[in-house]
Amino acid sequence: MPRPTNHRRPTKTSEQVIDLEHYVPAFLTWIANKLSRGASQHYLNVFDVGIETWRCLVLLAVEGKISAQNVSRVIGMDKASVSRTFKSMQARGLITFSLDDADGRLRLATLTKKGRELHDQIIGVALERERAFLAVLTDAEQEALVGLLKRLHENLPAVEAATTRYVEQNYPRARVRSPQAPDSANG
């Protein structure tokens with residue numbers, strides 16, 4: 001059963017404000033933004049790699065081969081950003097492209113030896129950042145946090161559906177625009 005929040009329900013007559021001490025999306029955004037900014041600064045200073053390249057390196061290391069469209073879907077990065085990042089990575093010799101055997105039009109990126117070596121250097125910094133970030137939690141709390149974050153991530157389609165219904169009911173004249181990948185930040 002969902003836990004009640006301290007937020008006021010919207011009414012036509014009251015002035016509303018978000019209670020930032022209890023508004024979970026704000027905390028998630030602030031944490032993600034600060035983690036990403038800090039990681040990006042270190043990755044740029046030490047490895048001349050931005051956070052977008054790091055995110056793609058991680059996914060390529062995990063998946064082996066992946067398309068820009070799938071990177072966009074998994075990470076939530078805009079597909080155009082992924083394509084630009086892939087182009088830059090290819091120019092630096094970090095990835096190569098091949099055509100998908102099942103769909104000859106789909107280009108799949110693969111890490112080169114140089115790309116894998118870069119990934120293997122950066123991963124130490126990334127894991128140390130995670131260790132320091134989670135150091136305030138017990139092992140049990142860390143496990144619980146990961147489980148809760150997974151559940152919240154899996155619930156995002158329901159959030160979008162509920163938002164769409166709310167907007168359709170309360171703002172019937174709103175223009176419908178094509179959905180974009182949500183911003184994501186993981187460092």
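How many aromatic pairs does the count come to in this model? By the ring-pairing rule, the count comes to 3. Take one of them, F27 with W30. The ring centres are 5.5 Å apart and the planes sit at 70°, so this pair is edge-to-face. Keep in mind that the model is predicted.

Where do these two residues sit? Both F27 and W30 belong to helix 1, residues 24–47. They are 3 residues apart, about one turn of the helix. Buried or exposed? F27 has 35% relative accessibility, so F27 counts as partly exposed. W30 comes out at 36% and is partly exposed as well.

That leads to the surface. F27 and W30 are part of a nonpolar patch, together with I18, L20, I31 and F133. The accessible area of the patch is about 530 Å². Which element gives the most to it? Helix 1 does, with 3 residues. I18 comes from the segment before helix 1. I18 is partly exposed, at 45% relative accessibility.

One more ring. R107 lies over the face of F97, 3.9 Å from the ring centre.

Now the charged side chains. Side chains of opposite charge can pair when their charged atoms come close. The structure holds 3 salt bridges. Let me go through them.

First up, K113 and E117. Their side chains meet at 3.8 Å, N to O. The cut-off is 4 Å, so that distance qualifies. The two residues are 4 apart in helix 5, residues 113–134, which puts about one helical turn between them. K113 is exposed, at 67% relative accessible area. E117 is partly exposed, at 42%.

Next, D120 and R116. This salt bridge spans 3.0 Å, N to O. D120 is partly exposed at 41% relative accessibility, and R116 is partly exposed at 38%.

Then E128 and R131. Here the N to O distance is 2.6 Å. These two are 3 residues apart in helix 5, also about one helical turn. E128 is partly exposed, with 41% relative accessible area.

Finally, the whole chain. It has 7 helices and 3 strands. Along the sequence, the pattern reads α-α-β-α-α-β-β-α-α-α. Of the 187 residues, 23% are buried. The chain exposes about 14,000 Å², and carbon and sulfur atoms supply 55% of that. On contacts: among those between residues at least 6 apart in sequence, 51% join residues at least 24 apart.

Key: Residues numbered from 1 in each chain as written. Predicted model: local features only at pLDDT ≥ 70, side-chain atom pairs only at ≥ 80, totals over all residues. Heavy atoms only, no water. Phe/Tyr/Trp six-rings, centres within 6.5 Å; stacked < 30°, edge-to-face > 60°. Buried < 20%, exposed > 50% of the residue type's maximum accessible area, 1.4 Å probe, protein only. Lys NZ or Arg CZ within 6 Å of the ring centre and 35° of its normal. Patch = residues over 30% accessible without salt bridge, like charges linked within 9 Å, V, L, I, M, F, W, Y side chains within 5 Å. Areas by Shrake-Rupley, 256 points an atom, 1.4 Å probe, with all protein chains shown as cover. Contact = heavy atoms within 4.5 Å.
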